[in-house]
Amino acid sequence: MKYFRQPEFVYPGLFELVQGSGLYPDSKTFVDAIPKRNPEDILSDFYRAVKSGRLNLKGFLSQNFTVPVDKDLPEETFDDGLSLEERLHQRWDMLTREPDEEVEGSSLIPLPNPYVVPGGRFREVYYWDSYFTLLGLRESGKIDLIESMVENFAYLIRTLGHIPNGNRTYFISRSQPPFFAKMVELLAEAKEDEKVYEKYLTEIWVEYLYWIEGEEEIPLPGKYYNRVVRMDDDTALNRYWDDENEPRAEAYIEDVEVSEKSRRYPEKIFRNIRAACESGWDFSSRWLYEPNELKTIQTIALIPVDLNVLIGETERIIIESMERIGEDSFVVNRMKNFRKNRIEGIDRYCWDEGRGIFLDYHIKFKEKNDRPTLAMLYPLWAKTATQSQGERVLDFVEKNFMKTGGLVTSLIHSGQQWDAPNGWAPLQWIGFQAMINYGRLDLAKSLAERWTKLNEEVFEKTGKMLEKYNVEDLEVEAGGGEYPVQDGFGWTNGVYLAMKAWLKKSE
């Protein structure tokens with residue numbers, strides 16, 4: 001396994017000074033900077049300048065680093081009369097990056113094949129974003145690029161043992177919602193070639209083992225190890241986690257400030273913040289004990305519905321792939337039992353019969369976390385909910401989550417970006433597929449029309465496809481989060497194109 005050094009270990013002392021200086025409004029700026037010369041020489045000169053009392057930090061950084069600058073996408077020149085759909089087919093080129101070259105001291109983990117970035121401050125590939133980007137690449141006929149991205153993720157699994165949050169050294173300690181097996185499935189469907197499953201089965205297995213690491217070693221019910229929790233009935237379910245408990249390199253000062261506001265041990269705060277980043281929902285009242293206080297974050301205390309559904313999907317794809325290649329029936333049946341136990345566990349711990357919805361489960365309090373979110377749609381997306389459950393969930397979603405511009409993420413206005421009034425492309429797609437799977441084509445059509453119309457109206461005003469949207473008040477921009485709303489935007493483009501293609505077919 002290749003070793004990659006994180007910025008705080010490449011530039012000890014300098015890293016902390018820069019991140020605490022306020023020179024860069026975005027803490028991600030310095031950790032993405034490219035050194036102009038050997039990092040050891042830079043660090044040596046830094047220590048000498050500090051010792052002599054002659055350090056001009058701003059000038060020193062300018063002399064020794066190329067700092068990334070956030071820019072809007074280049075102004076696009078299109079033929080008059082092109083629809084947004086036609087423009088987005090061409091826009092992939094602006095978000096595509098060529099294979100990377102390794103630079104000593106850079107936080108970028110080089111990838112061997114072309115890939116699509118989300119856009120804006122997100123200059124690297126992101127794990128779960130990419131699945132929804134691939135949906136659009138399929139509609140654009142860019143099958144080779146889909147294959148390149150799947151191969152890049154397989155490379156990361158082979159190199160690191162898992163897919164990190166993104167291809168940066170400071171992301172290695174965590175992953176993101178495990179969509180790799182679903183990406184392989186999408187590629188196999190796009191190529192109409194079942195051999196794709198066999199090609200990537202080893203990598204799917206390796207990633208699966210990353211998520212269930214420790215399951216066999218947890219001796220007693222009620223115990224946990226990293227991402228695995230042994231429930232009271234001996235069922236093994238998963239939670240989000242991070243292998244480190246320090247401030248995030250890319251949000252160093254923000255994490256320190258949250259910790260200083262809390263009376264909790266700093267390492268507990270940092271671990272929970274990082275775990276929320278692994279969830280992709282950073283941040284949401286879903287993870288908070290007090291919905292408006294980030295300092296009460298408790299991500300690792302929850303069994304998330306979406307994560308366990310995704311691991312169940314990985315298990316399904318492993319089972320089907322093994323059956324295709326004629327794997328020993330004992331091995332296949334063992335995996336079938338794992339999946340069966342997981343689905344039953346989701347039902348047992350996360351299904352709220354009284355309200356007819358799926359909720360996250362609180363490990364410590366041994367009760368469902370009473371914060372309805374769109375995560376409830378994942379069992380419907382994966383077709384593991386019963387028909388009755390599916391109908392009840394969709395009734396609840398239609399009454400409470402369907403807004404003028406699409407589905408709102410939660411029902412709480414906390415100021416966090418993964419809460420009301422914001423809507424996000426990946427969750428629109430999960431909901432859209434859930435509605436189709438459980439016979440609500442009318443609702444799916446309404447959702448697709450509302451969401452794509454909102455995308456079109458914002459693009460008409462701004463020329464941008466955004467990371468997230470306000471679905472409650474269409475005249476107000478989405479907000480919340482640690483950074484401004486970003487333009488690009490990979491998963492928004494992908495879901496828009498996939499929904500528009502479906503709407504055309506349904507006419």
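Predicted model: local features only at pLDDT ≥ 70, side-chain atom pairs only at ≥ 80, totals over all residues.
User: What makes K182 and E313 a salt bridge?

Analyst: Happy to go through it! A salt bridge is a side-chain nitrogen of Lys or Arg within 4 Å of a carboxyl oxygen of Asp or Glu. For K182 and E313 the N to O distance is 3.1 Å, so the pair meets the definition. K182 sits in helix α9 (residues 180-191) and E313 in helix α13 (residues 305-324), 131 residues apart; helices here are DSSP runs of H or I with at least four residues, and strands are runs of E with at least two.

User: Why is K182 called buried?

Analyst: Buried means under 20% relative accessible area, exposed over 50%, and partly exposed in between (1.4 Å probe, protein chains only). K182 has 10%, so it counts as buried. E313, at 2%, is therefore buried as well.

User: And why is E475 called exposed?

Analyst: Its relative accessible area is 65%, so E475 counts as exposed. Its salt-bridge partner is K461, with the closest N and O atoms 3.5 Å apart. K461 is exposed too, because its relative accessibility is 56%.

User: Why is D232 called partly exposed?

Analyst: D232 has a relative accessible area of 44%, so it is partly exposed. D232 forms a salt bridge with K366, the closest N and O atoms being 3.0 Å apart.

User: How many salt bridges does this rule give?

Analyst: The count comes to 48. As for the ground rules, local features need pLDDT of at least 70, side-chain atom pairs count only at pLDDT 80 or more, and totals for chains, interfaces and linings use all residues. Residues are numbered from 1 along each chain as its sequence is written, and side-chain values use heavy atoms, leaving out hydrogens and water.
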